[in-house]
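Please find below my notes on the model you sent. They are set out as numbered points, to be read beside the structure.

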Amino acid sequence: MVPNTKTVRPAEPNELVPEDYFAEIDPRRFFGNEAPLEIDLGCGDGKFTLEMAEHHPERNFLAIERLLGRVRKVCRGAEKGGLKNVRVLRLESLYTLEWLLPESCVDRLHLLCPDPWPKVKHHRRRLFQEPFLKAVVRVLKPGGELLFKTDHDEYFDWSEEHLDAFKGLEKHAWADDDFFYPRTDFQIQWEAEGKRLQGLRARKPR
Ligand SMILES: C[S@@+](CC[C@H](N)C(=O)[O-])C[C@H]1O[C@@H](n2cnc3c(N)ncnc32)[C@H](O)[C@@H]1O
């Protein structure tokens, strides 16, 4: 077979393009240091990631998003802000956690305003269920945390039930002023419509 060496799309600045989508990637290699790693799953337009990266230059931020237009926007935002600690990966969140990242490499995982898939026939598409929680435990360092927010009350209840049933993560209280935590684009949009967000914070035992 003749190898296909044609480049389909040039990478954006700060975009992480794995050489091999079937082999583990080493975050230390693509950031060039061993700083703590935080991941924003389904980062959207990237406001959260970019503000966090600016506030915490001593940490690395990997933003994961499947839509190309949004990936481009976050890449350009990082470039414009001179943020050396941001990389953007255009890939599916669960696949990345299950297969691409090495075990125990992540300090904090953020899942903010994910698609709630409100119709019962679509609930199986929801990210927050056992395979996701297993993958979260796989990639988190001991003591690492999952931070989740949603505006959708029924999805919040579903997620809390799945978390409680799972046992591999310890639930913790999360007050607004516990630490710096910027509002996401969707949060701003929904709060302007009078919707309230609920959050979950869960830690991998040490
Ligand atoms: C409702 S938006 C929230 C965006 C951002 N987190 C915020 O709060 O502003 C959900 C985002 O997740 C992305 N997304 C949904 N499912 C995904 C998946 N399985 N893997 C990667 N990205 C995903 C969507 O393209 C969209 O940008």
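1. Two strands are taken to pair if DSSP finds at least two bridges between them. By that criterion strand 4 (residues 106–112) and strand 5 (residues 140–150) are paired, in the parallel sense, over 6 bridges. One of the positions concerned is L111, whose bridge partner in strand 5 is F148. The model is a predicted one, and the points that follow should be read accordingly.

2. The overall make-up of the chain is 7 helices and 7 strands. Along the sequence they follow the pattern α-β-α-β-α-β-α-β-α-β-α-β-α-β. For 206 residues, a compact globule would have a radius of gyration near 17 Å, and the 17 Å of this chain agrees with that. Along the principal axes, the C-alpha atoms fill a box of roughly 50 × 35 × 35 Å.

3. The sheet is open, has 7 strands in the order 3-2-1-4-5-7-6, and shows mixed pairing. Which strands stand at the edges? They are strand 3 (86–89) and strand 6 (170–172); each has a single partner strand, so one side of each is left without a neighbour in the sheet. On average, and with direction ignored, neighbouring strands of this sheet are turned by 20 degrees against each other.

4. Helix 5 lies across strand 1 (37–41), strand 4 and strand 5. Relative to strand 5, helix 5 runs at about 140 degrees.

5. The ligand site deserves a separate look. There are 16 residues around the ligand, of which E65, R70, E92, L112 and T184 come nearest. For R70, a polar side-chain atom lies 2.5 Å from an oxygen atom of the ligand. Backbone atoms also take part: a polar backbone atom of L112 is 2.8 Å from a nitrogen atom of the ligand, and a polar backbone atom of G42 is 2.8 Å from a nitrogen atom of the ligand. On its own the ligand has 590 Å² of accessible area, and the protein covers 91% of this.

6. Where is R59 found, and with which residues is R59 in contact? R59 is in the loop between helix 2 (47–55) and strand 2 (60–64). Its neighbours within four places in sequence aside, R59 is in contact with A35, P36, E38, N85 and R108. With E38, the side chain of R59 makes a polar contact of 2.5 Å to the side chain of that residue.

Conventions
Residues are numbered from 1 along each chain as its sequence is written. This is a predicted model: local features need pLDDT of at least 70, side-chain atom pairs count only at pLDDT 80 or more; totals for chains, interfaces and linings use all residues. Side-chain values use heavy atoms; hydrogens and water are left out. Helices (H or I, at least four residues) and strands (E, at least two) are DSSP runs, numbered from the N terminus. Axes are lines fitted to C-alpha atoms, for helices over the stretch in contact, and angles run from 0 to 180 degrees between N-to-C directions. Contact means heavy atoms within 4.5 Å. A residue is near a molecule or strand if one of its heavy atoms lies within 4 Å of it. A polar contact is a pair of N or O atoms within 3.5 Å; within protein, one must be able to donate a hydrogen and the other to accept it, and residues adjacent in sequence count only if both atoms are side-chain atoms. Accessible areas come from the Shrake-Rupley method with a 1.4 Å probe; for residues, only the protein chains shown count as cover. The radius of gyration is taken over C-alpha atoms; the globule rule is 2.2 Å times the number of residues to the power 0.38.
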